[in-house]
Amino acid sequence: MSRTHLSEARVGDTFTLSMPAVTTTQLVRYAGASDDYNRIHYDQLYAQEAGLGGVIAHGMLTMAFMGRAVSDWAGPAAAIVDIEARFNAPVRPGDVVRVVGTVADCAPGGDGRQRLRCEIVAQVGDKTVASGAAVVAAPPTR
């Protein structure tokens with residue numbers, strides 16, 4: 001997105017990102033990247049015995065989808081300066097995660113760059129699996 005895009009953003013503007021279905025291969029790769037080898041993320045029997053009903057995705061993978069939605073919308077010249085999430089329900093292999101972001105506040109930051117606070121929600125179908133917020137610093141204006 002362009003510098004103009006963020007300078008023209010308004011409270012209530014929305015953006016979305018739909019991810020392909022989560023795969024067990026993706027979970028194994030994420031385990032390697034994050035050094036989180038908890039068996040609940042790849043061992044079906046172990047996850048069932050743990051009371052989870054089966055393998056679940058890493059919460060931080062879901063949060064990464066949320067961050068990607070924000071960064072894709074904001075563009076490479078902007079910076080995500082803060083992001084937070086609360087996990088509401090597990091994501092499982094085969095789930096298609098859709099992230100919806102809404103601009104909740106626009107205000108100048110102390111460095112003169114516009115700050116946009118976005119509320120972000122990750123959903124599988126109609127179920128909210130994570131919710132949170134991100135603050136984006138728009139590129140400096142010339």
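How far is the sulfur of Cys106 from the closest cysteine sulfur? The distance is 7.8 Å, to the sulfur of Cys118, which is too far for a bond. This is a predicted model, in which local features need pLDDT of at least 70 and side-chain atom pairs count only at pLDDT 80 or more, while totals for chains, interfaces and linings use all residues. Residues are numbered from 1 along each chain as its sequence is written, and side-chain values use heavy atoms, with hydrogens and water left out.

**Overall layout**

- The protein has four helices and five strands, taken as DSSP runs numbered from the N terminus (helices: H or I, at least four residues; strands: E, at least two).
- Read from the N terminus, the order of elements is α-β-α-α-α-β-β-β-β.
- The C-alpha trace spans about 55 × 30 × 25 Å along its principal axes.
- Of the 142 residues, 36% count as buried; buried means under 20% relative accessible area, exposed over 50%, and partly exposed in between, with a 1.4 Å probe and protein chains only.
- Among contacts (heavy atoms within 4.5 Å) with a separation of 6 or more, 65% come from residues 24 or more positions apart.

**Cysteines**

- The structure holds zero disulfides, a disulfide being a pair of cysteine sulfur atoms within 2.5 Å.
- Cys106 is partly exposed, at 23% relative accessibility.
- Cys118 is buried, with a relative accessible area of 0%.

**Packing of H2 and H4**

- Helix H2 (residues 24-34) packs against helix H4 (residues 59-74) at an angle of about 95 degrees, and their axes are 10 Å apart.
- The axes are lines fitted to C-alpha atoms, for helices over the stretch in contact, and the angles run from 0 to 180 degrees between N-to-C directions.
- H2 and H4 are therefore roughly perpendicular, since angles of 65 to 115 degrees count as such, under 35 as roughly parallel, over 145 as roughly antiparallel and the rest as oblique.
- Gln26, Leu27 and Tyr30 of H2 make the contact with Met60, Leu61 and Phe65 of H4.

**Asp13**

- Asp13 sits in the loop between helix H1 (3-7) and strand E1 (14-18).
- Asp13 is partly exposed, with a relative accessible area of 33%.
- Leaving out residues up to four places away in sequence, Asp13 touches Glu8, Gly101, Thr102 and Val103.
- Asp13 and Thr102 are 89 residues apart in sequence, yet 5.6 Å apart in space, C-alpha to C-alpha.
- A polar atom of the Asp13 side chain lies 2.9 Å from the backbone nitrogen of Arg10.

Terms used. A polar contact is a pair of N or O atoms within 3.5 Å; within protein, one must be able to donate a hydrogen and the other to accept it, and residues adjacent in sequence count only if both atoms are side-chain atoms.
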